[in-house]
Amino acid sequence: MDNAFLKRLREWFKKNAAELPWRLADLDAPRDAYAVWISETMLQQTQVSTVRDYFVRWMKRFPDIQILAEASEEEVFKYWQGLGYYSRARNILKTAKIVAESKELPRTRKELETLPGIGAYTAGAILSLAYHQREAILDGNLVRIFSRLYALDFLPTDSKEALKTYWDYAREIADSPKAYVHNEALMELGRTVCKIKNPDCENCPFQGACKACAENRTAEFPPSKKHIQKDWHGTVLVIESADHKILAVHGGQKFFKNQFTLPHFELPRNATAGLPAPAEAYIDADQVIGVQSIGSFRHNITIHKIECDVLHIQLSKKAPANKASEIQWVKRNLAQEFFANSFCLKALALLKA
Ligand code: SF4
């Protein structure tokens, strides 16, 4: 990349950088590594406009790694609720516990990438934005820009060589004392100018260097990949004891394998009415005094496009005292607080008052 275009990129960024809660007013000042880590992890698969409030709330409650490391997984999930991809929150907590003693995140890519949830992109962001090292990043925004700049008709996921080609372009741009600006400017450029649809080439600092733009072929890059999405139709059970407690299970479920959730299983649409057989894994059919379909909801988890029916099952007996960690009975009026994922909250919202 010609230095003149990198200079234009920096100037463009100085003029156009949006005010964001994780960004300092002085764009040349090194940022707090913890804040970079949290914001960049939140921003994976999530829009900037959504992340803003989540980030502010998070930093108020968990202002540094030590405080975060002492939090429970349930509480961390609550502050993550709505951002989806809960494994990100779980990994953040795991990493906080690992690095809490040293009080800061490591300063090498090798060490960072051994930590749960920190991949090549996040490591590059922490090292460049916080520690001002000449380290590259590569995310969807940069892939789109490079694909158009150099008319690359392949994706980094196509092969090892393809991935290397994209990283080589990213490293070339980061090989500068200003890597922190170049990286952040490219992310911003991808988000606001070199957008997926209708890139604003007129206002792009790379106009004149960009092959796709010069050939009027921006819509062809990056090439599209087949979208793999899986439909999943299931049933969620809201099992309520005579003393108004709801059954929560940990493990053995299709989704949310590492947190308490409502029991759920795959069941085709229009399955026979009554108590579905999988429910008997949790309750004795003799205790059932009512099975009522209370509605359905839609939800997306990773590649799964979910549609779930919700069954409210009422029992004649009181809930036993909570013992085993895999099964808990939660007071109905505290259930909204207890379940830390929107999937369960959507099911519970269908319960009549
Ligand atoms: S000139 Fe257009 S297509 Fe090329 S990088 Fe800029 S916005 Fe993207």
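Visitor: How are α1 and α11 oriented to each other: roughly parallel or roughly perpendicular?

Guide: In this predicted model, α1 and α11 are roughly perpendicular to each other. Helix α1, residues 3-16, packs against α11 at an angle of about 65°, and their axes are 9 Å apart.

Visitor: Is that crossing left-handed or right-handed?

Guide: The crossing in which α1 passes α11 is left-handed.

Visitor: Which residues of α1 and α11 make the contact?

Guide: From α1, the contact takes Leu6, Leu9, Arg10, Trp12, Phe13 and Asn16. From α11, it takes Val181, His182, Glu184, Ala185 and Glu188. By class, the contact of α1 with α11 has 6 nonpolar, 2 polar and 3 charged residues.

Visitor: Moving on to α2 and α3. At what angle do their axes cross?

Guide: The axes of helix α2 (residues 33-43) and helix α3 (residues 48-61) cross at roughly 140°, and they come within 9 Å. That angle makes α2 oblique to α3.

Visitor: Which residues meet between α2 and α3?

Guide: On the α2 side they are Ala35, Ile38, Ser39, Met42 and Leu43. Their partners in α3 are Val48, Val51, Tyr54, Phe55, Trp58 and Met59. The residues of this contact of α2 with α3 comprise 10 nonpolar, 1 polar and no charged.

Visitor: Let us turn to the ligand. Which residues come nearest?

Guide: There are 15 residues around the ligand, and those that come nearest are Cys194, Cys201, Cys204, Cys210 and Cys213.

Visitor: Which helix gives the most to the shell?

Guide: Helix α9 gives the most, with 3 residues. Both α9 (140-149) and α12 (211-214) supply at least two residues each of the shell around the ligand.

Visitor: How many residues of that shell are charged?

Guide: The shell around the ligand has 2 charged residues, together with 11 nonpolar and 2 polar ones.

Visitor: Now some backbone details. Which peptide bond is cis?

Guide: The bond from Phe221 to Pro222 is cis, with omega near -10°. Pro222 is found in the loop between α12 and β1, the latter spanning 230-240.

Visitor: What is the phi of Asn198?

Guide: Asn198 has a positive phi of about 50°, although this residue is not a glycine. Asn198 lies in the loop between α11 (179-192) and α12.

Visitor: Finally, the domains. Where do they run?

Guide: Domain 1 covers 3-220 and domain 2 covers 230-348. Taken over C-alpha atoms, the centres of domain 1 and domain 2 are separated by 37 Å. Their contact takes 8 residues from domain 1 and 5 residues from domain 2.

Visitor: Which helix supplies the largest share of the domain 1 side?

Guide: Helix α5, residues 73-80, supplies the largest share of the side of domain 1 that touches domain 2, with 4 residues. By class, that side of domain 1 divides into 2 nonpolar, 2 polar and 4 charged residues.

Notes. Residues are numbered from 1 along each chain as its sequence is written. This is a predicted model: local features need pLDDT of at least 70, side-chain atom pairs count only at pLDDT 80 or more; totals for chains, interfaces and linings use all residues. Axes are lines fitted to C-alpha atoms, for helices over the stretch in contact, and angles run from 0 to 180 degrees between N-to-C directions. Angles under 35 degrees count as roughly parallel, over 145 as roughly antiparallel, 65 to 115 as roughly perpendicular and the rest as oblique. Two residues are in contact if their C-beta atoms, placed from the backbone, lie within 7 Å. Ala, Val, Leu, Ile, Met, Phe, Trp, Tyr, Cys and Pro count as nonpolar, Asp, Glu, Lys and Arg as charged, and the others, Gly among them, as polar. A residue is near a molecule or strand if its C-beta atom, placed from the backbone, lies within 6 Å of it. Domain bounds come from an automatic or database domain assignment. A crossing is left-handed if the near helix is turned anticlockwise from the far one by less than a right angle, and right-handed if clockwise.
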